[in-house]
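User: Hi, I have a structure open and would like to go through a few spots in it with you. Could you keep the answers plain?

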Amino acid sequence: MESLRSFLKESLDKYDMPFPVDKKVCSGWAKDLPHGGETIIFTSCMYQIEPVVPTLSKFSSMTGIFTGALKGLSSLAKLVKPSKEEIDRAYKILNNVVNALRRRGINPGYLYEDEPYSGALLLEAGLLEDFANHARRVASMLRDRGVKRVITVDPHTHNALTRYAEFVPFDVEVVNYLQLVDAEKKIEGEFTIHDSCLYSRFLDLRDRYRELISKSGIKLNEDFLVTGRETSTCCGGPIALINRDLSESIAEKRAQELNKLSNKLLVVCPICYITLSPHFRGEVKDIAEVIL
Amino acid sequence: MTWEIAIERTIRNNVPRVYNVLEKYPYILELARELREAKLEVLNNLESYVEQTVESVKRIGGVPHVVGNSEEAREVVSKIIGDRKKIVMGKSMVAFEVGLREHLKNMGKEVWETDLGEFLIQLANEPPSHIIAPAVHMSKERAEELVREALGGLPPNSTHEQIVARVREFLRDKFVNAEVGITGANAIAADTGSIILVENEGNIRFTTVSPPLHIAVAGFEKIVPTLPHAMMEAMVQAAYAGLYPPTYVNLTSGPSSTGDIEMKRVSPAHGPKEFHLVLVDNGRVRASKDPDLREALLCIRCGRCHLHCPVYRAMDGKWGVPPYSGPMGSMWSYIVFGDPKPSLLCTHSGGCKEVCPMKINIPKVLEKIKARAWS
Ligand code: SF4
């Protein structure tokens, strides 16, 4: 356990991310966004880097392997580069979000390579002290940059940032893109849906994205025991670094249940996408790839 | 594979049933809200409610015992039992928590679990996999094999009914000849000293009435302010377990007695001569004073959170320190056994908090326990 913690800490110190990551990969999607500003988009590099997490968790566990990995953090950084296809997809999603915001008259800035990590992984692993310290650093950085409002694009970052105020003084407004965009495209087709546990049962955004989906014309195939608010379950992704086998087993079961409803699956979170994709037979799409 | 089939069937059977019960009897939701308030009141003054309960139990002719930990609980119960040999047990999580059955067996007692699920796991020598359906991990085939091996008298390919009938036949004698009946308690009324037990099999009714000595072993957190609250807990627990109305609600207030001859109170009548209530702390007072953990003590053991949890499902019911499993179990593994590790596996799926009748924010409690696991 301690080795996992030191790995995360060292990586955060060195790379400002929980894994060794080339920050250019995180910021490469944005070309013409203003640097900083009062309102910024906050990606926390989630869509960009999530594709490599399974590779990391494959040789992670709490067995001490991190101690070995620590010595080669920089060589690891090369290893954890997403493929071109994965990067293109992530960049497209983020640009879809920004374009949809612009259509609503919102022109967010971006911190590019200076964008910090939200600390979500620390919070979710229960490393609460480390999370508080991290939140303090991010809060002060945002204050120094004059940021008043952040727009998040994924549930884990949204959850982490909306919880900062429980740990440190934080008065930046945190909104999620789903609260701001509209479904302007008309889509025909049927999907089933895997809800994000955080959006659905912690952050009160489930009805909001369902409203957008329904407005777009997509028909959702649902079953109350599989996709209900209280009956749907997590994809298993958030536990991958602690226990990969458990994470995989949850994902496999979840994908099987969802497959009974459709071979086209909508997700609303980059972790769900990566975790469920290997197990789901058919097409998996992020809502921002489809309706924006 | 057995587990996957068993849990899938359990979810399909039970989850819709609970929703139906709550829709049909909406007053349960109101009772659950009221019960939560009443239980919070107890948790804010747990030690004084324990004292009040002790006085009430004495007033109705029972013998109260307050114990700090498992060892004390085993010692007290052994003393009460003395030389008596034949013991039947109704389902009690706390009896398992303090290691009572094993202890009594090691003392050379003849001990039989009488709840069917508990009976099966006793035969299999396995820990319970769910708090209200302890043998939920067992298929019919496995149960059949166990009963045939231990008791004989089962034809090949026996039906569910035949298995149950064989166990019923075997336990009949045990109930009648038992010298001691040990149960838990779903709720304890501080004002009257009464205990309430909810069940569907009828085994608890037998266990509390047939033997001359009844010992109830329960955690401090089972105390509620008044008898109506205790009845409320029985109704809410049964409804959220999907078994409503419950077949039996047993209320015990002290030993049995009669005043039918010249109105002179004589004990026993047909029920036990002695009633003992063993109240177990095992970390509960400490948890009641800990704002991060207090909520967990509201749990009424309905078992609903388990069936809405992906971790419990994926871990074959083995998440937590027995007898505590699932989301509630990973909280209770820490409270009672001081083990914070199970909490680390919570993925904050969150279904548990949505369906918990006591509105316990389980992922939040587990988040705090996780933090302790790291330190
Ligand atoms: S935590 Fe809540 S849902 Fe789970 S067993 Fe206890 S009362 Fe029931």
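User: Is A:Asp195 buried or exposed?
Analyst: A:Asp195 is buried, because its relative accessible area is 1%, where buried means under 20%, exposed over 50% and partly exposed in between, using a 1.4 Å probe and protein chains only. Please keep in mind that this is a predicted model, in which local features need pLDDT of at least 70 and side-chain atom pairs count only at pLDDT 80 or more, while totals for chains, interfaces and linings use all residues. Residues are numbered from 1 along each chain as its sequence is written, chains are lettered from A and ligands numbered from 1 in the order in which they are written, and side-chain values use heavy atoms, with hydrogens and water left out.

User: Ok, and where is A:Asp195 found in chain A?
Analyst: A:Asp195 is in the loop between strand E4 (190-194) and helix H11 (197-201); helices (H or I, at least four residues) and strands (E, at least two) are DSSP runs numbered from the N terminus.

User: Which side chains have a polar contact with the one of A:Asp195?
Analyst: The side chain of A:Asp195 is joined to that of A:Arg206 by a polar contact of 3.0 Å, and to that of A:Arg210 by one of 2.5 Å. A polar contact is a pair of N or O atoms within 3.5 Å, where within protein one must be able to donate a hydrogen and the other to accept it, and residues adjacent in sequence count only if both atoms are side-chain atoms.

User: Which residues does A:Ser27 touch?
Analyst: Leaving out residues up to four places away in sequence, A:Ser27 touches A:Tyr110, A:Tyr112 and A:Glu113, where contact means heavy atoms within 4.5 Å. A:Ser27 itself is in helix H2 (residues 23-27).

User: And in chain B, which peptide bonds are cis?
Analyst: The bond from B:Tyr244 to B:Pro245 is cis, with omega near 0 degrees, and so is the bond from B:Ser267 to B:Pro268. Most peptide bonds are trans. B:Pro245 lies in the loop between helix H11 (227-240) and strand E9 (248-252) of chain B.
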